[in-house]
Amino acid sequence: MNLYTRCTSCGNHFNLKIKGKDRVEIKMKYGDSIASQCSHCHTQQSTPIKKIKAETNQLIISIGFIIGAVAFLSTFFFIGKYLALGKAVYFIYGGLTSLPFLLWRIEEKSVRSFNSTNVK
Ligand SMILES: [Zn+2]
């Protein structure tokens, strides 16, 4: 999950280098607003907690999909060898190919919970 906000100067979205599962946690850690710097125009600004939004981290999901694709392809190419391993192969194969979907669902869930939690 990435946290981002909109720049008050140039209007572009930029990622924040802070971590937290929701706005309540960020407020406890950083207070009502956080100091940030736009990655586009480099303007220093103070971002109110309620202006922080979450989005899915594409990198994590991409890595998951690569692992899934490699698992799928290696099973396809080495199916003969794998079959000798018996039923265990189905568990390994199933686990690896469902990993990207699991990661995606976890990401989606944390993003939705972050964006739905507001601070007063
Ligand atoms: Zn900017």
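**Note on the predicted model**

1. Six residues make up the largest nonpolar core: Leu3, Leu16, Ile26, Ile52, Ala54 and Phe114. Such a core is a set of buried Ala, Val, Leu, Ile, Met, Phe, Trp, Tyr and Cys residues joined through C-beta atoms within 7 Å. A residue is buried if 20 or more other C-beta atoms, placed from the backbone, lie within 10 Å of its own. In soluble globular proteins, nonpolar side chains tend to be buried together.

2. The model is predicted: local features need pLDDT of at least 70, side-chain atom pairs count only at pLDDT 80 or more, and totals for chains, interfaces and linings use all residues. Numbering starts from 1 along each chain as its sequence is written.

3. Ile52 is in contact (C-beta atoms, placed from the backbone, within 7 Å) with Leu3, Thr5, Leu16, Arg23, Ile26 and Thr47, leaving aside neighbours within four places in sequence.

4. Helix α4 covers residues 88–116; helices (H or I, at least four residues) and strands (E, at least two) are DSSP runs numbered from the N terminus. Its 29 residues reach 41 Å from first C-alpha to last, close to the expected 42 Å, which is 1.5 Å times one less than the number of residues. Pro100, Leu103, Glu107 and Phe114 are buried in α4, and their cover includes β5 (53–55) and α2 (58–77).

5. Strands β3 (residues 33–37) and β4 (residues 44–48) run antiparallel, joined by five bridges; pairing requires at least two DSSP bridges. Ser36 stands opposite Gln45 in β4. Six residues lie between the strands of this hairpin, and His42 in the turn has a positive phi of about 65°.

How values were computed
Buried ≥ 20, exposed ≤ 12 C-beta atoms within 10 Å, placed from the backbone. Contact = placed C-beta atoms within 7 Å.
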